Amino acid sequence: APRLKSFTFAENSMGPSEASQVLPLLLPSLEHLCLKGNPLGSEGIRAVAEGVKEGNAASLRVLDLEATGLEKEGLETLCEAMREKSLKVETLNLSGNAIGAVEEMEGLSSILCVSSLPSLREILVRQCGLTDETVKPLTESMGRRDLPNLEVLDLGGNRFEGEILGDL
């Protein structure tokens with residue numbers, strides 16, 4: 001039987017309760033999952049994290065969580081899952097979410113390594129409310145060269161004043 005490899009949800013087509021019902025069924029076969037513009041919040045993100053933890057996201061290469069209401073709690077849950085079970089994701093899009101504080105960036109930086117995301121080539125954190133100060137854990141992580149395949153770090157639309165350039 002053919003496997004469904006890519007799924008893009010229309011914006012505002014799924015909330016947290018739908019995510020916890022639909023994602024466990026879809027994740028095992030998907031290589032590309034786009035949840036952009038769906039208000040998942042922490043509960044919906046937890047459904048993604050549980051799929052990762054249970055090994056059901058092993059085929060996933062693109063995970064697009066842009067503008068999904070991802071905040072501190074959801075990001076912590078997702079990062080914890082990725083620390084437990086590495087993902088072969090090549091593109092991770094977290095843009096348009098309120099994850100611009102130092103604590104959130106420290107959590108994100110903790111999974112930006114070969115043991116959690118060995119294939120990561122592209123990470124997008126556009127319009128997340130990052131500043132020169134709050135992005136430091138991310139730039140320090142890049143400086144350690146823990147992600148040998150990383151080609152793109154997209155920080156567009158954040159509130160930088162220029163100091164960050166010296167850290168990259």
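## A chat about the fold and its helix contacts

Modeller: In this predicted model, residues 24 or more positions apart account for 86% of the contacts in the chain with a separation of 6 or more, where contact means heavy atoms within 4.5 Å.

Biologist: Before we go on, what should I know about the numbering and the cut-offs on a predicted model?

Modeller: Residues are numbered from 1 along each chain as its sequence is written. As the model is predicted, local features need pLDDT of at least 70 and side-chain atom pairs count only at pLDDT 80 or more, while totals for chains, interfaces and linings use all residues, and side-chain values use heavy atoms, with hydrogens and water left out.

Biologist: OK, how many helices and strands are in the chain?

Modeller: The chain has five helices and six strands, counted as DSSP runs numbered from the N terminus, with helices being H or I over at least four residues and strands being E over at least two. Read from the N terminus, the elements follow the order β-α-β-α-β-α-β-α-β-α-β. The radius of gyration of the chain is 15 Å, close to the 15 Å that the globule rule gives for 168 residues, so the chain is as compact as a globular protein of that length; the radius is taken over C-alpha atoms, and the rule is 2.2 Å times the number of residues to the power 0.38.

Biologist: And what box do the C-alpha atoms fill?

Modeller: Taken along the principal axes, the box is roughly 50 × 30 × 20 Å. Of the 168 residues, 45% count as buried, which means under 20% relative accessible area, whereas exposed is over 50% and partly exposed lies in between, with a 1.4 Å probe and protein chains only.

Biologist: Switching to helix packing, at what angle do α4 and α5 cross?

Modeller: The axes of α4 (residues 102-109) and α5 (residues 136-143) cross at roughly 25° and come within 7 Å; axes here are lines fitted to C-alpha atoms, for helices over the stretch in contact, and angles run from 0 to 180 degrees between N-to-C directions. That makes α4 roughly parallel to α5, since angles under 35 degrees count as roughly parallel, over 145 as roughly antiparallel, 65 to 115 as roughly perpendicular and the rest as oblique.

Biologist: Which residues meet there?

Modeller: From α4, V102, M105, E106, L108 and S109 meet P137, L138 and S141 of α5. The residues of this contact divide into five nonpolar, two polar and one charged, with Ala, Val, Leu, Ile, Met, Phe, Trp, Tyr, Cys and Pro taken as nonpolar, Asp, Glu, Lys and Arg as charged, and the others, Gly among them, as polar.

Biologist: Which residues of α5 are buried, and what covers them?

Modeller: P137, L138, T139, S141 and M142 are buried in α5, and what covers the buried residues of this helix includes α4 and β6 (152-154).

Biologist: What happens just after α5?

Modeller: Just after α5, R145 takes a positive phi of about 55°, although R145 is not a glycine. R145 is found in the loop between α5 and β6 and is exposed, with a relative accessible area of 69%. R144 is also placed in the loop between α5 and β6; R144 is partly exposed at 48%, and its C-alpha is 9.3 Å from that of C113, 31 residues apart in sequence.

Biologist: What about N12, where is that one and what is its phi?

Modeller: N12 lies in the loop between β1 (6-8) and α1 (16-26), has a positive phi of about 60° although it is not a glycine, and counts as exposed at 62% relative accessibility.

Biologist: Changing topic, how many aromatic pairs are there?

Modeller: The count comes to one aromatic pair. F7 and F9 form this tilted pair, 4.6 Å centre to centre with 50° between the planes; rings of Phe, Tyr and Trp (its six-membered ring) pair if their centres lie within 6.5 Å, and planes under 30 degrees apart count as stacked, over 60 as edge-to-face and the rest as tilted.

Biologist: Are those two buried or exposed?

Modeller: F7 counts as partly exposed at 27% relative accessibility, whereas F9 counts as buried at 11%.

Biologist: Last one, A49: where is that residue, and what is in contact with it?

Modeller: A49 sits in helix α2 (residues 41-53) and counts as buried at 3% relative accessibility. Leaving aside neighbours within four places in sequence, A49 is in contact with T77, L78 and A81.
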